[in-house]
Amino acid sequence: DRPRYLMGVGKPDDIVGAVKRGVDMMDCVLPSRSGRTGQAWTRRGQVNIKNARHQDDPRPLDENCTCPACRNYSRAYLHHVFRAQEMISGMLLTWHNLHYYQELMQGMRDAITGGRFDAFEAQFHAQRAEGDIEPL
Ligand SMILES: [Zn+2]
């Protein structure tokens, strides 16, 4: 009958696990801290934009993501601005990460309301198990 709060969590896997165990609210710096350090969270797991494999990749971080960073910028651009230490790098990756986290939370809320959280969780883990898209 009262909301349950979990401080400082966290990674998407941990959030899904916490919600499964009844946690209603949490907070964490991870989406923005990760964004500032070149890490993006996607449906298919974590992407390190610093890696050379993204240097010439014209594809977005996540082709199914509707955030402005994914709709307007390539992995190659995000890689370049991170390497050039441009502030826009952390801003764009944080924008994407916050969008991803918001969609993850909305997906869990919808799944709970629809009585299909177990199916949501299975799909969440199956997508992450696929890993990042193949390099070009
Ligand atoms: Zn995105």
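**Exercise 1.** Find which elements the buried residues of H1 pack against.

*Solution.* Start with the naming: helices (H or I, at least four residues) and strands (E, at least two) are DSSP runs, numbered from the N terminus. Next, pick out the buried residues of H1, namely Pro12, Ile15, Val16, Gly17, Ala18 and Val19. Buried means under 20% relative accessible area, exposed over 50%, and partly exposed in between (1.4 Å probe, protein chains only). Finally, look for contacts, that is, heavy atoms within 4.5 Å. The buried residues of H1 pack against strand S1 (5-7), S2, S3, H5 and H6.

Before you go on, two notes on the model. It is a predicted one, where local features need pLDDT of at least 70 and side-chain atom pairs count only at pLDDT 80 or more, while totals for chains, interfaces and linings use all residues. Residues are numbered from 1 along each chain as its sequence is written, and side-chain values use heavy atoms, with hydrogens and water left out.

**Exercise 2.** Check the span of helix H6 (residues 117-130), and then work out where its buried residues lie.

*Solution.* The expected span is 1.5 Å times one less than the number of residues. For the 14 residues of H6 this gives 20 Å, and the end C-alpha atoms are 20 Å apart, so the two agree. Now list the buried residues of H6: Phe117, Phe120, Glu121, Phe124 and Arg128. Seen down the helix axis, these buried residues fall within an arc of 100° (taken from the directions from the axis to the C-beta atoms), so they line one face of H6. On the other side of H6 you will find Asp118, Ala119 and Ala129 exposed.

**Exercise 3.** Describe the lining of the second largest pocket by element and by class.

*Solution.* A pocket is an open set of points on a 1 Å grid over the protein atoms alone, where a 1.4 Å probe fits, with protein on both sides within 12 Å along at least five of seven lines; lining residues have an atom within 4 Å of a point. Among the residues lining this pocket are Val9, Gly10, Ile15, Met26 and Tyr101. By element, strand S2 (25-27) and H5 each supply at least two lining residues, and H5 has the largest share, with 4. By class, there are 8 nonpolar, 2 polar and 1 charged residues. Here Ala, Val, Leu, Ile, Met, Phe, Trp, Tyr, Cys and Pro count as nonpolar, Asp, Glu, Lys and Arg as charged, and the others, Gly among them, as polar.

**Exercise 4.** Look at the backbone: which peptide bond is cis, and what is the phi of glutamine 85?

*Solution.* The bond from valine 9 to glycine 10 is cis, with omega near -15°, and glycine 10 sits in the loop between S1 and H1. Glutamine 85, although not a glycine, has a positive phi of about 55°. You can find glutamine 85 in the loop between helix H4 (75-83) and H5; at 73% relative accessibility, this residue counts as exposed.
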